[in-house]
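Please read this briefing alongside the sequence and the 3D view.

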Amino acid sequence: MKSFSQSPTDPGFVQNPYPFYDMARRAGDLFYWQDYGMVAVVSSRAVRALFRDRRFGREVPPELAEQGPAHLAPWLAIEAHSLLEAEPPRHTRLRSLVMRAFTSRAISALQPSIQDLCRGLIKDFPYNSFDLLEAYCTQVPVITICRLLGVPESMAPDLLQWSHDMVAMYQANRTQDTEDRAAKSSRDFTGFLQEYIELRRKDPGDDLITRLIRAEEEGEKLSLDELVATCILLLNAGHEATVHSLGNGVKTLLQTHTAPDVLAPDGIDATIEEILRYDPPLHMFTRYAYEDIDLFGHSFKRGEQVALLLGAANRDPAVWAEPNMFQPRRPIEVNTSFGGGIHFCVGAPLARLEMRIALPILFESCPNLQLTAPPLYSDSYHFHGLNQLLVRT
């Protein structure tokens with residue numbers, strides 16, 4: 001296994017990490033990423049295999065678990081009850097309860113609301129150059145999540161700020177200030193949801209929070225801490241992924257001068273999958289080895305952490321011909337943009353629905369949409385999204 005050094009905050013890497021991925025993949029399925037101090041999985045076959053392998057998981061092995069610093073207690077409390085950080089049997093119970101509330105019927109029922117939202121946002125576009133991320137790509141998922149959860153849409157700016165502050169904890173450029181803001185936003189977000197959940201207990205509505213309160217599996221319900229962590233996860237994970245997917249997708253369609261007919265009903269699904277494959281919103285997930293394992297020429301030791309590089313797996317030439325070319329009409333092949341295995345993203349159907357609605361409506365309503373400045377990616381690895389997307393209609 002070869003060893004490579006590449007700072008995840010290097011400006012060149014931030015703007016285009018794919019040449020590094022290609023170089024590393026040519027050396028094999030795995031490489032040692034010196035800057036992270038861990039093995040990284042770079043081929044599609046290896047990433048998919050580790051997603052499915054129950055000998056690897058998200059939860060820290062008990063002997064490695066630490067209490068964490070006191071100043072991060074509000075953020076750590078949410079993490080401790082998060083579905084994303086759990087393994088069976090706790091994960092099985094939590095996911096079952098969440099899926100009882102977060103049904104395909106509930107997601108499908110949002111379609112008319114999302115359509116109206118997209119058209120309303122477009123009507124408010126300014127005539128001059130503006131940031132499409134702020135005016136459209138961010139608003140669609142966060143307002144949709146507000147409506148799904150049943151919280152007032154007026155809370156959207158607060159929810160966005162709390163979300164940004166909390167997910168920044170996963171970024172490579174994390175600082176003390178990042179941690180302080182994450183702790184404060186975690187405390188504020190938790191306080192708001194605790195009050196709102198109690199309100200919904202007394203006055204149930206036709207919303208996800210009410211359904212989560214009522215969800216029951218063999219006599220068990222979600223605790224208040226689990227309810228709070230689940231609502232936060234649905235907002236944070238769903239919002240961040242969809243914003244970046246929409247933004248990266250619009251950027252790609254405009255820069256490649258792709259004909260808008262790829263967004264027609266008979267081609268939209270393939271186009272969405274190609275957008276997700278070509279420039280995914282998340283580039284790294286980590287796992288812990290739960291036992292000593294020999295895989296892909298490496299002997300993993302229990303407790304060893306490994307990085308699964310989704311952005312690299314999605315451009316593996318062993319799976320996709322000309323993987324560095326954007327080809328929306330290529331046959332759909334499952335990619336790893338929403339993870340895999342038992343931790344496959346709960347919100348993936350909602351994210352795809354939002355893209356399926358928001359992209360065609362945008363390009364139909366704004367046929368002359370064009371970039372007014374080169375888009376730049378945010379220094380936020382392992383997320384991969386734009387700082388802004390300046391356009392005019």
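## Briefing on the predicted model

Leaving out residues up to four places away in sequence, Ile209 touches Leu149, Val151, Leu193, Tyr196, Ile197, Arg200 and Cys231, where contact means heavy atoms within 4.5 Å. The model is predicted, so that local features need pLDDT of at least 70 and side-chain atom pairs count only at pLDDT 80 or more, while totals for chains, interfaces and linings use all residues. Residues are numbered from 1 along each chain as its sequence is written, and side-chain values use heavy atoms, with hydrogens and water left out.

**Nonpolar cores**

- Ile209 is also among the members of the largest nonpolar core that touch the most other members, together with Leu132, Tyr136, Leu159, Val250, Leu362 and Phe363, in a set of 91 residues; a nonpolar core is a set of buried Ala, Val, Leu, Ile, Met, Phe, Trp, Tyr and Cys residues joined through side-chain atoms within 4.5 Å.
- The largest share of this core, 13 residues, is supplied by helix 13 (residues 224-255); helices (H or I, at least four residues) and strands (E, at least two) are DSSP runs, numbered from the N terminus.
- Another core lies apart from this one and has 20 residues, including Val47, Val306, Leu308 and Leu310.

**The chain as a whole**

- The secondary structure comprises 16 helices and 13 strands, and the C-alpha trace spans about 55 × 55 × 40 Å along its principal axes.
- For 393 residues a compact globule would have a radius of gyration near 21 Å, and the chain, at 21 Å, agrees with this; the radius is taken over C-alpha atoms, and the globule rule is 2.2 Å times the number of residues to the power 0.38.
- Of the 393 residues, 56% count as buried, where buried means under 20% relative accessible area, exposed over 50%, and partly exposed in between (1.4 Å probe, protein chains only).
- Among contacts between residues at least 6 apart in sequence, 72% join residues at least 24 apart.
- The chain exposes about 17,100 Å², of which carbon and sulfur atoms supply 52%; the areas come from the Shrake-Rupley method with a 1.4 Å probe, and for residues only the protein chains shown count as cover.
- There are 38 positive and 50 negative side chains, and the centres of the two sets lie 4 Å apart; Lys and Arg count as positive and Asp and Glu as negative, with His and the chain ends not counted, and the place of a charge is taken as NZ of Lys, CZ of Arg, CG of Asp or CD of Glu.

**Helix 2 and its cover**

- In helix 2 (residues 18-26) the buried residues are Tyr18, Phe20, Tyr21, Asp22, Ala24 and Arg25.
- The cover over these buried residues includes strand 1 (2-4), helix 1 (11-15), strand 2 (30-33), helix 14 (268-278), strand 9 (305-309) and helix 15.
- After helix 2 comes Gly28, whose phi is positive, near 135 degrees.

**Buried residues and their contacts**

- Thr336 sits in the loop between helix 15 (310-313) and helix 16 (348-365), and is buried at a relative accessible area of 3%; beyond its neighbours within four places in sequence, Thr336 is in contact with Val47, Arg48, Phe51, Leu310, Ala313 and Asn314.
- Leu110, in the loop between helix 6 (104-108) and helix 7 (111-123), is buried with a relative accessible area of 9%, and touches Thr144, Leu148 and Leu350 when residues up to four places away in sequence are not counted.
- Leu110 and Arg147 are 37 residues apart in sequence, and their C-alpha atoms are 8.6 Å apart in space.
- Leu353 belongs to helix 16 and counts as buried at 8% relative accessibility; neighbours within four places in sequence aside, Leu353 is in contact with Ile107, Gln111 and Ile114.

**Backbone geometry**

- Most residues other than glycine have a negative phi, and most peptide bonds are trans.
- The peptide bond from Pro88 to Pro89 is cis, with omega near 5 degrees, and Pro89 lies in the loop between helix 4 (73-80) and helix 5 (90-101).
- Phe296 has a positive phi, near 50 degrees, in the loop between strand 7 (293-295) and strand 8 (298-300), and counts as partly exposed at 29% relative accessibility.
- Glu322 has a positive phi, near 45 degrees, lies in the loop between helix 15 and helix 16, and is exposed with a relative accessible area of 54%.
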